[in-house]
Amino acid sequence: MPMSTLVIVESPTKAKTIRKYLPNGYRVEASIGHVRDLPPSADEIPPAHKDKDWAKLGVNVKNKFTPLYVIPKTKKKVVKELKEALKVADELILATDEDREGESIAWHLLQVLKPKVPIKRMVFHEITEDAIQRALQNCREIDDNLVRAQETRRILDRLVGYTLSPLLWKKIAYGLSAGRVQSVAVRLLVRRERERRAFRSGGYWDLKATLEQKKSVFEAKLITLKGKKLVTGNDFDPNTGQIAKGKDVVLLNEEEATALSDRIVDKTWTVANIEERPTKRRPYPPFTTSTLQQDANRKLGLSARDTMKTAQKLYEEGYITYMRTDSVHLSEEAIAAARACVEEKYGKEYLSPKPKQYTTKSKGAQEAHEAIRPAGSTFRTPRETGLSDREFRLYDLIWKRTVACQMADARLTQITVNIDVEDAGFRANGKRIDFPGFFRAYVEGSDDPDAALENQEVLLPELKAGDIPQCNELEVLKHETKPPARYSEASLIKVLETEGVGRPSTYASIIHTIVEREYVQMRNKTLIPTFTAFAVTNLLETHFNDLVDTRFTSRMEQTLDEIATGEVQWLPYLEGFYLGEMGLETQVKVREEEIDPSIAKVVNLENLGARVKIGRFGPYIEVENEGEKVAASIPPDLTPSDLNPEQVEVLIRQKLEGPDKLGLHPETGEPIYILTGNYGPYVQLGEKTEENKKPKRASLPKGMKQEDLTLEIAVGLLALPRTLGVHPEKEGKIQANNGRFGPYVVHTLGKDKDYRSIKAPDDVLTITLERALELLAQPKKGRGRGAAKTPLRELGKHPDDDKPVNIYEGPYGKYIKHEKTNVGIPEGETVEGITLETALKLLAEKAATTKTTRKSTARKSTTTKAKTTKAKTTKAKTTRSRKSTKAKDEEK
C-alpha cells in the first residue's frame, strides 16, 4: 500500500494552490488559521478553571505564566476533521507560513493533534512548483525559539489589555480598551492633534511673476528685496505665528507687496545668472510589508487591511512571494528575473550596470525572508497573470517596484534662474529629465509613470545671463503657514516602523481596531483622534507613561526579537514586566487608588470656555449658565479638532432653546433650521422624527458666515442641485451644485462628468446656463508650473469630443496625446508617418488598458510631508497685467 502524507496549511486557497505541486499520496488540508488560543470570552473558559482568580486573564501568572489554551467553538469542527485525516496518514507535514505566527500555528497543531506518525516542518516563501519541491527536500523541525517569542508576544498583549482595560472602564467609561501597540498608535495621533490645536498661523505676502521669453511663458517668485532674503513659511515659530528669533528676513504686508508690484512691474527684468545642477535618483528597494502598505495606500487608495488581504490572496494563489516580511533582500534568481524584464521591456540601456542588492534599515527588522516580489524564476507581466481589479493593480504595483529596483538611476538637471528687477530678486526653478532610468517603470506616488514623468519636468525656456524677459503679469500673493499635517494610514505606518513600534504585519489590524473602537475617525483619508482618544491618552501618559512611549515599546520589540534568537529567556522577562514592585500588576493596583474618575473623564482643550467630559453615552460639553451647570452632548462626528468657542456657544444655545429657526419654507410651510455639524454649519428642512429620519440638509457655501444666511438663500441651498438646462451641442444636462470643495457646475453625458468650479462673483444659486457653458468651455487648469509644450505635429480633432490629437516630444521619446491619454509612437513609425486614424487606434488601445487597470483615478492618493510651516497659498489680488489679468480586549 502506498505511503500517505497529510499536509496542513492555514487556508483553503493556499491548500488548493499547493496541492497542484505535490506528488500523488499527498493530502492537503487547511487549519483556517489558529486552532487554539487564549479564551476569547468568559464562557469559553473550561469549567475546571472558572473558579481560578487568573482564569479571565487566561494566563496563570503565579505558575510560570502558563497560558490557558482553549479550542474555540468555531474551530472544533476543523480540529475534528484534521484528526480524522491524520488517522489514515503515515506522515504529517506542517506547512504553515514561515514567520513566527506560522511557526506558532504549526506548534499548536502539534499540541492539539498529538500525532503518532513522523512529523516534518516545511517552509517556503513562494508557492511555485520549484519552491515546493525544494521545500519538500529541506524539511526541518519546529523552531522552539520562534514559538516562544510568539507566545511571549501573545501573553504580553493579553497582560496589557486585560489589566489596563478594566481600569479605563472604572475611571473613564465602560467598554474602553488599551493595547500594547494600539495605545501607542493612538497617542501618536493625539500628540499630532495637540500640535495642530497649539499651532498659530503666520501670514505673509510675496509676488509671483509670469514672464515670457521668445514666446515661452514661465513663472518666477520673489526671493530677495534690497539684498535681504524674503520670509518663507519655514521662518515662522509655529507656537506664536511670529517670525522665529534669530531670523533676519523681510516680511511684507499687503500694502507693501502691492506697492512693490506697482513699482517694478514695468521696469526692466534681467537674467542675472543661471545654475544647472545635475542630480541622480536611485531606484527604491523592493517592497517590505510596511512599504507595500504605504504605497498601496498612496497610489491605489487601499487601506492597510485591504492591502494585506489582497496580498495574502496573491501569495496563496502563487502570484507573489510571502507578504509578511521586513527584508528588502532579493535572491539571485529574483534579481536575474527582474533584470531580464528590464532588458526585454525597456532595453539594455535601462539596466543598472551591476545587479543591485539592498540592505534592510528599519528598526528591529526580523524576518529572514525575501522582499515581496512576483513569484517564480521568471516574472509574469501583469497582463500575463489574467488578474483583474484590486488583485491586478496590487500585482502590477509589486511587479513594477521589483523590476524598477534593478534599473539604472534617473538622471536629472535642476535649473535655477535668478532674475533682477530694480532692488528685487526673483527666482525661477526648473527640472529637466535627462535620462528617466527607473522612472520608466515606477514613480513613487503615482501609478502612471508616463503621466508622472510629464508632471516631474518643469520646463524653462532657453535663457542666458543678460536676457531681458517680458513681464506679462505680476501677482500679489497671500500665504498662511499651515499646522503639521494629520497622519494618513501610510504616514502613520511609516512612523510606527521607523520608531520600531509593533510589527509591520500587525499594522493593518491595529489601524482597523482603533477606528472600529472609535478612538479615531477616518476623514478624507486622514486619521483624526476622538475625545475618547484624548481622555485615554491623557490617563496613560500621566500614570503609565512607559506603555505609550515609543522608545519603551521599541525596546520591548527588540527583546522579543532576542527571545526569538535565544539570546533572552522569556520567563524572566515576563516576570520583570508584570510582577514585583514595579511590575504592571502592582502599578495598576496603586494607580486605581490614586486616579480620580472626575478628573480622568475631563478632556482639557485650551481657550474653549467650556469643559469637555466623557460620559456614559459619549463626550459632552459643560458650562456654567446663571449659576447652574448646563451640559450638551457633542455630535458623534465632531472631534477635538473641530470644536471651537463658537460651536460651544451654538451647542449650548441649541440645548437651552432648541435649534435656530430661520423661518418657514415658502412652498411646504416646514421650518428651516440652522445647525452646526461635523463640517460646519448647515440648514435643515423640517424636524428629524421617526417618520422623517433623514430631513433634507444643505451645507453653507465655503466662506459664507451664519450671520449672512437669509431664508431666501437657505431655500435656494435646499433646492440644490439646480438643473440649468441641456448642453446645446453635446446634449446632456448641466447642473449647479455645492460640494465639499465649493460650488461647481457639471455637465453630465452618460457616465462622463465634466466639472468646473464656480468662483466669485458667480453664485451657485444664480448662475445661468449661458455662464455655465462659458465656464465649461474653458480648459481645466493643470497643476504643472512649467511652460506649455508645443506639439511636434497636430494630427487633427478626435471624432468623439472634437479635442486635439497631437504628437509631442517627451523625456524619453515621442508620444501621441489626447486629453489625459498618452501613448508612445510604435517602433518603426515616424512623426510624419503617423495618421490620425493610426493615432486614434493607438489611443483607444491605451484607454482600454487604463480602464482595466484603474477604474477610477479618484482612488489615487499622495502623502504630503508633514511640515509645520508649509504655507497655504491663496491668490489675493492681481495688481497689474499687460495682457489680462473607535477592552474590548488587547490588540492582536
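Buried means under 20% relative accessible area, exposed over 50%, and partly exposed in between, with a 1.4 Å probe and protein chains only. The exercises below concern a predicted model, in which local features need pLDDT of at least 70, side-chain atom pairs count only at pLDDT 80 or more, and totals for chains, interfaces and linings use all residues. Residues are numbered from 1 along each chain as its sequence is written, and side-chain values use heavy atoms, with hydrogens and water left out.

**Exercise 1. Classify glutamate 819 and aspartate 802 by accessibility, and describe the backbone at each residue.**

Step 1. Glutamate 819 has a relative accessibility of 43% and therefore counts as partly exposed. Its place is in the loop between strand E30 (813–818) and strand E31 (821–824), where helices (H or I, at least four residues) and strands (E, at least two) are DSSP runs numbered from the N terminus.

Step 2. Aspartate 802, in the loop between strand E28 (793–797) and strand E29 (804–810), has a relative accessibility of 54% and so counts as exposed.

Step 3. Phi is near 55° for glutamate 819, a positive value in a residue other than glycine, and phi of aspartate 802, also a non-glycine residue with a positive value, is near 60°. Most residues other than glycine have a negative phi, and most peptide bonds are trans.

**Exercise 2. Describe how helix H14 packs against helix H8 and against helix H15.**

Step 1. The axes of helix H8 (residues 289–300) and H14 come within 8 Å and cross at roughly 160°, the axes being lines fitted to C-alpha atoms, for helices over the stretch in contact, with angles running from 0 to 180 degrees between N-to-C directions. H8 is therefore roughly antiparallel to H14, since angles under 35 degrees count as roughly parallel, over 145 as roughly antiparallel, 65 to 115 as roughly perpendicular and the rest as oblique.

Step 2. The crossing of H8 and H14 is left-handed; a crossing is left-handed if the near helix is turned anticlockwise from the far one by less than a right angle, and right-handed if clockwise.

Step 3. Ser290, Gln293, Gln294, Asn297 and Arg298 of H8 make the contact with Glu489, Ala490, Ile493, Lys494 and Glu497 of H14, contact meaning heavy atoms within 4.5 Å. By class, two of these residues are nonpolar, four polar and four charged, where Ala, Val, Leu, Ile, Met, Phe, Trp, Tyr, Cys and Pro count as nonpolar, Asp, Glu, Lys and Arg as charged, and the others, Gly among them, as polar.

Step 4. The axes of helix H14 (residues 489–499) and helix H15 (residues 504–516) come within 11 Å and cross at roughly 135°, which makes H14 oblique to H15. This crossing is right-handed, and in it Glu489, Leu492, Ile493, Leu496 and Glu497 of H14 meet Pro504, Tyr507 and Ile511 of H15. The classes at this contact are six nonpolar, no polar and two charged residues.

**Exercise 3. Work out the surroundings of leucine 252.**

Step 1. Leucine 252 lies in the loop between strand E9 (228–229) and helix H7 (254–264), and its relative accessible area of 7% is why leucine 252 counts as buried.

Step 2. Leaving aside residues up to four places away in sequence, leucine 252 touches Tyr204, Trp205, Leu222, Leu225, Leu230, Ala257 and Leu260. The C-alpha atoms of leucine 252 and valine 231, which are 21 residues apart along the chain, are separated by 8.2 Å.

**Exercise 4. Identify the residues of the largest nonpolar core that touch the most other members.**

Step 1. A nonpolar core is a set of buried Ala, Val, Leu, Ile, Met, Phe, Trp, Tyr and Cys residues joined through side-chain atoms within 4.5 Å. The largest has 166 residues, of which Phe65, Ile172, Ile320 and Leu643 touch the most other members.

Step 2. Helix H5 (residues 144–171) gives the most to this core, with ten residues, while a second, separate core of 28 residues includes Trp205, Ile419, Ala428 and Cys471.
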